[in-house]
Amino acid sequence: MKISIDRRDATEANVDVSVSGLPERAEKEEGLPRTLAREEAVTAGLVGIAWKNREIRGRRKEVTVFHRPDGKGRVGLVGLGPRDSVDVESIRRAAAEAVRALRGHSVQSIGLRLASFAIGSVAPEDAAAALAEGAVLGGYEFTRYRAPRDAPIEEATVFLGSEHGRLESAIRKAVERTRSVAEVVLWTRDLSNLPADTATPERLAEEARALGKEFDLKVTVFNEAKLAEMHCGGLLAVGGGSSHPPRLIVLEYAGGNRSGKTVAVVGKGITFDSGGISIKPALHMADMKFDKSGAVAVLGILRAAATLKLPPKVIGVLACAENLPGGGAYRPGDVVTTYNGKTIEILNTDAEGRVVLSDALAFAVDRYHPDVVIDLATLTGACVTALGDDTAGLISTNDALALALLDASARTGEPIWRLPLTDVHRELVKSEVADVRNSTEIPPAGALTAAAFLETFVGTTTAWAHLDIAGPAWTNSSTRKYQPAYLPVGATAFGVRLVTRYLEDGAR
Ligand code: BES
Ligand code: ZN
Ligand code: ZN
């Protein structure tokens, strides 16, 4: 979707639908909100009549369309919810609601009247960026294998009007930054949505190489022979059952600031997780094509960092393998030796994410001595049980890093929630026969014992944060109902906006 900025008022321009935000009617509120005087005028009073009749109330998700009696297009109103609670996130959601509601109704272009959205304490440039972000993200549909259901909306224009015209340059800058990150999110969703027969570990390597060419990043791909030389026994074990061999993929973005920090971003890239010999039940197994979401998000983060020319140096590490049963598959009882020489007792082949990450985390720390390591992984069903399918688990023993990520989360609307990591969890992953075991006998705190396992491979001297994105990495048609309209069915690319914001804000 093309995004433009225009200094005129939306109601004076030639768009199919000019959309405005409608704050929810308070209990004793009588007259139409003053921000909608223009809408009232161009509809010859129809908006006011609908308000008076309580046909429109400004509730979230409410989208109403009026024809202008002068024949100059339509006026759309989208509910913002209670006036006092309007923030960047409600504006982002409202823009996406409008785009989704109008799509397929002979709408090629929409206008977004900034003055009606930038209310309360929201700065106009933040409101404008949120409108663009919601429109781009909400307009997404995965159409590689079928035609689009409805004709997509081609252009959204943010209209500044007399209210905000003098902020044009600041608004342009904010909108352009956010639009380009949103485009990266769509690119990431397209890749995450690919099924496992197409998105093999080698295909992800090809995508990394292409990204490297486009943005002048150094890309190194370690194939199975190289992985054997490097003693990456975790990746080799998990990938052993598949005819698509594992890959460790590394991308280096040099950073805009030579003295800046080095941040390693590590992703779980299981292109399909059948569970292996500890096979999963058939129900929902197809969703396990999304088990590569962490690794694909890392590609998106590198793309965003390079697009925005962010200051920190960023190292992306993707641990890619396909977890299938087969003659070469690893088994419960096996002991695996990893990159840093530590050994893992395999008790459950379905706890494979931590096994591939063991090599990737140890490699990242050993080769690059990063100031910060952040990993993204669809790691545990336990995290989904604890936090639901909209929120990622954040586990970090470094308070400054955790706070910086929570701040980035609040700003982007990608929810994360911090969980503890203590000696109880460290004790639970100890093994009788190896340094650690990949699964515990007793079930409690599965997300935390997984984190304790990962910590073994990062060590305690590097600032590290683990994001368990098993819940929010994708949505389905039932979870979509209560999630924001800017999340489509399928891959969400969770983490790309969050970690990009963290890097942009200085990677504390
Ligand atoms: N990829 C799964 C985790 C997962 C489950 C993500 C559901 C999204 C939705 C992971 O590899 C896995 O199977 N984890 C096991 C670990 C257990 C065997 C210790 C789990 O969570 O059950
Ligand atoms: Zn698994
Ligand atoms: Zn998995």
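This is a predicted model: local features need pLDDT of at least 70, side-chain atom pairs count only at pLDDT 80 or more; totals for chains, interfaces and linings use all residues.
**Exercise 1.** Determine which residues coordinate the zinc ion (ligand 3) and what arrangement the donor atoms form.

*Solution.* 
Step 1. The coordinating residues are Lys268 through NZ, Asp273 and Asp291 through OD, and Glu352 through OE, at 2.0 to 2.4 Å.
Step 2. The angles subtended by the 6 donor atoms around this zinc ion run from 78 to 171°.
Step 3. For six octahedral donors, the ideal angles at a metal are 90 or 180 degrees.
Step 4. The angles of 78 to 171° make the arrangement around the zinc ion (ligand 3) octahedral.

**Exercise 2.** Describe how the donor residues of the zinc ion (ligand 3) are spaced in sequence, and which parts Lys268 and Glu352 tie together.

*Solution.* 

**Exercise 3.** State how far apart the zinc ion (ligand 3) and the zinc ion (ligand 2) are, and which residue coordinates both.

*Solution.* 
The two ions are 3.2 Å apart, and Asp273 coordinates both.

**Exercise 4.** Identify the surroundings of ligand 1 and state how much of its area the protein buries.

*Solution.* 
Step 1. Ligand 1 is surrounded by 16 residues, the closest being Lys280, Asp291, Asp350, Glu352 and Gly381.
Step 2. Asp291 places a polar side-chain atom 2.9 Å from a nitrogen atom of ligand 1, and Glu352 places one 2.9 Å from an oxygen atom of ligand 1.
Step 3. Taken alone, ligand 1 exposes 520 Å², of which the protein buries 77%.

Methods: Residues are numbered from 1 along each chain as its sequence is written. Chains are lettered from A and ligands numbered from 1 in the order in which they are written. Side-chain values use heavy atoms; hydrogens and water are left out. Donors are N, O and S atoms within 2.8 Å of the metal (3.2 Å for Na, K and Ca); water is not among the atoms, so sites may look incomplete. Four donors count as tetrahedral if all angles lie between 85 and 135 degrees; four count as square planar and six as octahedral if opposite donors are over 155 degrees apart and all others between 65 and 115; anything else is irregular. Helices (H or I, at least four residues) and strands (E, at least two) are DSSP runs, numbered from the N terminus. A residue is near a molecule or strand if one of its heavy atoms lies within 4 Å of it. A polar contact is a pair of N or O atoms within 3.5 Å; within protein, one must be able to donate a hydrogen and the other to accept it, and residues adjacent in sequence count only if both atoms are side-chain atoms. Accessible areas come from the Shrake-Rupley method with a 1.4 Å probe; for residues, only the protein chains shown count as cover.
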